[in-house]
Amino acid sequence: MMNTFSYIFLIALILNFAAKMWLNLRHNNHVNANRHQVPDAFLDKLTLEDHQKAADYTVAKSKYGRFSMVYSTLILLSFTLFGGLGYLDVLWSTTNNDPVTTGVWYIASISLIYIIITLPESIYFTFVLEEKFGFNNTKVKTFIADIVKTLIIMTIIGIPLVWIILWLMQSAGSLWWVYAWAVFCSFNLFAIWAYPVLIAPIFNKFTPLDDPELKTKIDSLLGQCGFASKGVFVMDGSKRSSHGNAFFAGMGNNKRIVFFDTLLKYLSHEEIEAVLAHELGHFRLNHIKKQFALSLVVYFISFAILGLLLTKSWFFSGMGISNGPSNHVGLMLFLLVTPVFTFLLDPIFSFISRKYEFEADEYASKTRSSLLLISALVKLNREEKATVTPDPLYSMMYDSHPPAPIRINQLYEMRDPDPNKA
Ligand SMILES: [Zn+2]
């Protein structure tokens, strides 16, 4: 039965879809319109051929993005207004388990269905799109092993977490959401700490950087920045793709900086130092801690809203649930339905992330050199076939990293002032 909430949801979903589609097409057209010429700022940095390859890759990815948008909207509608979640709820309620166990099975089965129906998308992305642009190195064996590993990890970690939350929802009284929030955040903190040593090594090999000449340079940089010297690793990213990356992960005694082996192949030692200085910037400026603090606030508000929604029968009946309110359905509905209403918050999070990137760039330019970071970024952009002419609005909405032209401009401005001019 459709109620007022169903119509509000439907309108929000349509607006959401239209806005995302419009942004996607803007980006697509902007990149296409700038395809014929390398922008002035990059004339000495990119060939026309590189620039056009980047444009073609971006256009192919945005076409894939449009298809993916239609597909995920159909999935969302099937689970909600078309009654998928309600149907599965009726199905599981015929088993004779206690409510918490039923809830865990219900959520596990939906997660499994979701993984299966989105599988064609990831197969297409890896083996068709990425393959076509020369990025894919994933063997079918690795692809299947990744899915199996993910399922095992989800079972080991996800099921106990869902079980605890559903148990709190049932047994902890009206303030259950405060306890659930605390459990969820502790769990997240543990995950951030454990990720580099427990989860990531299941998928990739991590080896300490061992080039002696480079190691000496890196050790001096690490000493300068106060970072534990055992914390720099090389990851075999080339096992899956030729995409390159570097990142800072973990907390406390598990913090580390990771370079993809693919990235090290095309950067000079000095450029590697500059990229490392950028990652050390994220560490020195406490970006992970700040991001975690922000997520505490976001999760608190989310759990409070969930606590409120669980008591409203319209939230359930409007989304195709015939069995009436229950904790497990409420939790699942909340996870599926809220992103439709919080779409306008996304640019705020993108903005914060880009601000951290600028701060880390500034740290790198002070610690090492902005010019070397610029040349590393240019190489990275070229190898990644990343467009240097993104649509500004699209970039503002989604980009976690500032687009290359803006970032490079800022880095030029961060250069030490010319002593002759002072
Ligand atoms: Zn960064």
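User: What covers the buried residues of α14?

Analyst: This is a predicted model, where local features need pLDDT of at least 70, side-chain atom pairs count only at pLDDT 80 or more, and totals for chains, interfaces and linings use all residues. Residues are numbered from 1 along each chain as its sequence is written. Helices (H or I, at least four residues) and strands (E, at least two) are DSSP runs, numbered from the N terminus. Buried residues of α14, including Leu373 and Ala376, are covered by elements that include α2 (48-79), α9 (269-284), α13 (346-367) and α16 (404-414).

User: Which residues have the most contacts inside the largest nonpolar core?

Analyst: A nonpolar core is a set of buried Ala, Val, Leu, Ile, Met, Phe, Trp, Tyr and Cys residues joined through C-beta atoms within 7 Å. Buried means 20 or more other C-beta atoms within 10 Å of the residue's own, exposed 12 or fewer, and partly exposed in between, with C-beta atoms placed from the backbone. The largest core has 36 residues. Those with the most contacts inside it are Val275, Leu276, Leu373 and Ala376.

User: Which helix gives the most to this core?

Analyst: Elements supplying at least two residues each include α13, α14 and β3 (246-249). The top contributor gives seven residues, and it is α9.

User: Which exposed residues does α3 carry on the face turned away from its buried side?

Analyst: In α3 (residues 84-93), Leu85, Gly86, Leu88, Asp89 and Trp92 are buried. They fall within an arc of 165 degrees (directions from the helix axis to the C-beta atoms), so they line one face. The face turned away carries Val90 and Leu91.

Terms used. Contact = placed C-beta atoms within 7 Å.
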